Amino acid sequence: MTEELRKLINLILEGKTSSMLLSGKPFSKPEKIALYIAQAFLCDELKINNSLCDECQSCNLLSANSHPDFKVIERSKDRTQIQIQQIRDATNFIYSTPLISGTKIVLILNADELNFFAQDTLLKSLEEPPKNLKFILTTSKPYKLKPTVLSRLTHYKLNPDKHVLSSDLNNDGSLENNTNDFPEECWNQDGKIMKVFEDLASLKGIEIINFLIKDKDKDTLLVKLNWLSKIIEESILIHFTETLSDTPFAQLSKEIKNTIDLSALINLYDQILPVINSLQLNENLNYDFQTNGFNY
Ligand SMILES: [Zn+2]
C-alpha cells in the first residue's frame, strides 16, 4: 500500500463522514480500496496505522462472506442497472442495529449503475443516515450520479499513481485534484459547454430537448439535464452571492454567470426542472412519447 493511500484511508477512518464516494479510473481499483476500508471499519483489532488484523471475528466473517453487519449492493448479472428493489431490500438492514460490530456498512459497487429510481430511494437514506451506518459507494463515472446524491457524499478521488493498494511503493504527492467530472460523452471542453449555454439561452421547452438530443444518444438526456440544472443553479447562486463553491464546475458557472444574463438563466432553469421531473417519473415510458408531451 502506498503512503498516499495509507493517508487517505486514515483520513476516511478518522473522519466523521457517514456517506462516501470513492471514484477513480478502473485501474485504480476503487472496489478493492473500498473493501479494505469496509473491513477496517469493522475490524475489532485494528493495528498501528489502521492495518487490518485479519484474525478477529469480524475479519474472519468478512473473509467467509458472512458478516451480518456488512451488505454489498451491485448490479445483477442479468440486468443492466441496479434496481430500486435492491435498495428497498436493504432497508431493513439499513435501519437495524448492528449485530456484532459497532458499525454497519453498505457498500454499493459501481454506483453509477444505480437507476434513477434506485438513486431517489437511496437518497432518502443518505439524507437521514441512521447512526452506526456507513455508506461506501464506488464508481469510475461519478458524473452519472444525480447531483442530489453526489451532494450527500464525501467524494474521495483516487489517483492511480498514488493510491495503490497492492504495492509498497512510497510516493510523495497529494490527493488528485481532478476537476474534470463532467459527463465526457456530453461535453468535454469548457469552451464547448459555454457555446451550449449560449445557444440554450435563446431556446424554450421542447426546443431545449431537441437541441440537446440532436446528435447524441437519447439515454444520456437525463444525465445531461441533471448536470445542466446543477450548473445553472450554481451560476444563479453566484449572481446573488458572488462566492464560488468547490464543485468541479465552479469556474464554468462563473463564466456562464458573466456571459448570460440572470433572467435568461432563471428562465432556462424553469424550463428544465419540470422536464427532469417528468423524465424521472416516466422512466419506463417510450422516449419519444415522453418528450413530445412537453409543449410549453
Ligand atoms: Zn480484524
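Modeller: A helix here is a DSSP run of H or I with at least four residues, a strand is a run of E with at least two, and both are numbered from the N terminus. The model is predicted, so local features need pLDDT of at least 70 and side-chain atom pairs 80 or more, while totals for chains, interfaces and linings use all residues. Residue numbers run from 1 along each chain as its sequence is written.

Biologist: How do you know that the span of helix H10 agrees with its 21 residues?

Modeller: The expected span is 1.5 Å times one less than the number of residues. For residues 221-241 that gives 30 Å, and the end C-alpha atoms are 30 Å apart, so the two agree.

Biologist: Which residues of H10 are buried, and what makes a residue buried?

Modeller: A residue is buried if 20 or more other C-beta atoms lie within 10 Å of its own, exposed if 12 or fewer, and partly exposed in between, with C-beta atoms placed from the backbone. Among those in H10 that pass are Leu221, Trp227, Ile231 and Ile232, and also Lys224 and Glu234. Over the protein, 32% of the 296 residues count as buried.

Biologist: Is Lys141 buried, partly exposed or exposed, and why?

Modeller: Lys141 has 17 other C-beta atoms within 10 Å, so it is partly exposed. Lys141 sits in the loop between strand S4 (133-139) and helix H7 (147-150). Asp112 is 29 residues from Lys141 in sequence, yet their C-alpha atoms are 6.1 Å apart.

Biologist: What makes a set of residues a nonpolar core, and which members of the largest one touch the most others?

Modeller: The members must be buried Ala, Val, Leu, Ile, Met, Phe, Trp, Tyr or Cys, joined through C-beta atoms within 7 Å. The largest core has 39 residues, and Ala34, Ile37, Ala38, Ile105 and Ile136 touch the most other members. H2 gives the largest share, seven residues. A second, separate core of 21 residues includes Tyr143, Leu200, Ile208 and Ile231.

Biologist: Which residues does Ala34 touch, leaving aside those up to four places away in sequence?

Modeller: They are Leu22, Leu107, Ile136 and Thr138. Two residues are in contact if their C-beta atoms, placed from the backbone, lie within 7 Å. Among contacts in the protein with a separation of 6 or more, 73% join residues 24 or more positions apart.

Biologist: Why are S2 and S5 called edge strands?

Modeller: Two strands pair if DSSP finds at least two bridges between them. The open sheet of five strands has the order S2-S3-S4-S1-S5, with parallel pairing. Strand S2 (70-73) and strand S5 (154-157) each pair on one side only.

Biologist: How do you know that S1 pairs with S5 and with S4?

Modeller: Strand S1 (residues 19-23) has four bridges to S5, in the parallel sense, and five to S4, also parallel. Ser23 has Lys157 of S5 as its bridge partner, and Ser19 stands opposite Phe135 in S4.

Biologist: Where is confidence lowest and where is it highest?

Modeller: pLDDT is the predictor's confidence in each residue, from 0 to 100. Helix H13 (residues 287-292) is lowest, at a mean of 45, and strand S3 (residues 104-108) is highest, at 98. The protein averages 79, with 80% of the residues scoring at least 70. Residues 167-188 stay under 50, and residues 283-296 are also below 50. Where pLDDT is low, the predicted coordinates should not be read in detail.
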